[in-house]
Amino acid sequence: MLKTSILTTLLTITLFFQACSSDAENSANDMVATNEYVLTAVDGTQYIAKKEAGGFVLENAQGKVIIFDIFATWCPPCKAAASHLSALQAKYKDELVIVGITIEDNISNEKLLEFRKMYDAQYVLVNSSENRRLVDAIAKSLEVGERFPIPLMAMYLDGKLINHYVGAIEEEFVESDIKRALGI
């Protein structure tokens, strides 16, 4: 009876440590895989965002200011921000990439195109299964909590966070940070 009890205890401990080891290896592998986010725009174009030590980058956009605009089509401040972001995108077209990331699950591209037309959102709008994962990663890196207000905008230059904005923000403040980031 004592031998059986000792054997059972040793077997349980061995399995426990094996499971922990396996989980740790899987977590490391998952961490590598989760640092990349494939985003699909409403026009079908794919964009790859990556988490780097200091922030986020967009593949093939080195040297450009990147603004991730986290929004919802039903959100009044998000609607108001769309035309301001479009004006900035037009003004800084060669130095700026704005990516609108909807937090709405299962929204159709048609609904996003309606939003674009109605509120003049003339920048990249992505509708991808990766949206939520990227939104969560950005929110976590900005330490705004899991239940943050929208719109939430994060501005980066080559992976370095320039600034972030929670809620409605004046276009002039965003433009000032774009100019500062570009050294204008």
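A crossing of two helices is left-handed if the near helix is turned anticlockwise from the far one by less than a right angle, and right-handed if clockwise. The crossing of helix 2 and helix 5 is right-handed. This is a predicted model, in which local features need pLDDT of at least 70, side-chain atom pairs count only at pLDDT 80 or more, and totals for chains, interfaces and linings use all residues. Residues are numbered from 1 along each chain as its sequence is written, and side-chain values use heavy atoms, without hydrogens and water.

Helices (H or I, at least four residues) and strands (E, at least two) are DSSP runs, numbered from the N terminus. Helix 2 and helix 5 pack at about 30°, with axes 10 Å apart. They are therefore roughly parallel (angles under 35 degrees). Angles run from 0 to 180 degrees between N-to-C directions, with axes fitted to C-alpha atoms, for helices over the stretch in contact.

The residues that meet (contact means heavy atoms within 4.5 Å) are these:

| Helix | Residues in contact |
|---|---|
| Helix 2 (residues 76-91) | His-84, Ala-87, Leu-88, Lys-91 |
| Helix 5 (residues 171-182) | Glu-171, Val-174, Glu-175, Ile-178 |

By class, this contact of helix 2 with helix 5 has 4 nonpolar, 1 polar and 3 charged residues. Ala, Val, Leu, Ile, Met, Phe, Trp, Tyr, Cys and Pro count as nonpolar, Asp, Glu, Lys and Arg as charged, and the others, Gly among them, as polar.

An open sheet is formed by 3 strands in the order 1-2-3, with antiparallel pairing (two strands pair if DSSP finds at least two bridges between them). Strand 1 (36-40) and strand 3 (55-58) stand at the edges with a single partner strand each, so one side of each has no neighbour in the sheet. Strand 1 pairs with strand 2 (residues 46-52) over 5 bridges, and Thr-40 stands opposite Gln-46 in strand 2. Helix 4 (residues 131-142) packs on the sheet and touches strand 1, strand 2 and strand 3.

Notes: Parallel < 35°, antiparallel > 145°, perpendicular 65-115°, else oblique.
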